Amino acid sequence: MQTNKNAECKKCLNKFYQKEIYTIQQFQYKEQPEYKWTLNFLKKLGITEWDSFCEKCIMIYSKELDNAWSNQKDQVI
Ligand SMILES: [Zn+2]
């Protein structure tokens, strides 16, 4: 069993367990926006598919993503 907190969140820099890592790859299961759009948006924030985040920070990005997506949808229509 792993007891070392050797994973680090890229955003808040907190240490946590490896098995609790979240990455933006989980956003590919979102219905909207499509994953390609998600990757592009997060790339502008300096985030790649290989960055590790804690649960709290991945939720923040998830919300930012939803906000940005609904904003740009309004602009297109
Ligand atoms: Zn974090």
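Lys10 and Asp51 are joined by a salt bridge, with their closest N and O atoms 3.1 Å apart. This pair connects distant parts of the chain, since Lys10 sits in the loop between β1 and β2 while Asp51 lies in the loop between α1 and α2, 41 residues apart. A salt bridge here is a side-chain nitrogen of Lys or Arg within 4 Å of a carboxyl oxygen of Asp or Glu. Helices (H or I, at least four residues) and strands (E, at least two) are DSSP runs, numbered from the N terminus. The model is a predicted one, in which local features need pLDDT of at least 70 and side-chain atom pairs count only at pLDDT 80 or more, whereas totals for chains, interfaces and linings use all residues. Residues are numbered from 1 along each chain as its sequence is written, and side-chain values use heavy atoms, with hydrogens and water left out.

Buried means under 20% relative accessible area, exposed means over 50%, and partly exposed lies in between (1.4 Å probe, protein chains only). In total, the structure holds three salt bridges. In another of them, the side chains of Glu8 and Lys15 meet at 3.1 Å, N to O. Glu8 counts as partly exposed at 38% relative accessibility, and Lys15 also counts as partly exposed, at 49%. A further bridge ties Asp66 to Lys30, again with 3.1 Å between the closest N and O atoms. Here too distant parts of the chain are linked, with Asp66 in helix α2 and Lys30 in the loop between β2 and α1, 36 residues apart. Asp66 is partly exposed, with a relative accessible area of 34%.

Attention now turns to the metal. The zinc ion is coordinated at 2.3 Å by the SG atoms of Cys9, Cys12, Cys54 and Cys57. Donors are N, O and S atoms within 2.8 Å of the metal (3.2 Å for Na, K and Ca); water is not among the atoms, so sites may look incomplete. The four donor atoms subtend angles of 105 to 118° around the zinc ion, and the arrangement is therefore tetrahedral, a label given to four donors if all angles lie between 85 and 135 degrees. Along the sequence, the donor residues follow the spacing C-x2-C-x41-C-x2-C. Cys12, in the loop between β1 (7–8) and β2 (15–16), and Cys54, in the loop between α1 and α2 (55–76), are 42 residues apart and link distant parts of the chain. Cys12 is partly exposed, with a relative accessible area of 29%, whereas Cys54 is buried at 13% and Cys9 is buried at 0%. With a disulfide taken as a pair of cysteine sulfur atoms within 2.5 Å, the count comes to zero disulfides.

Helix α1 (residues 35–44) has buried residues at Tyr35, Thr38, Phe41 and Leu42. These residues cover an arc of only 120° around the axis, so they fall on the same side of α1; the arc is that of the directions from the helix axis to the C-beta atoms. Lys36, Lys43 and Lys44 are exposed on the other side of α1. After α1 comes Gly46, whose phi is positive, near 85°.

Notes. Tetrahedral: all angles 85-135°; square planar, octahedral: opposite > 155°, others 65-115°.
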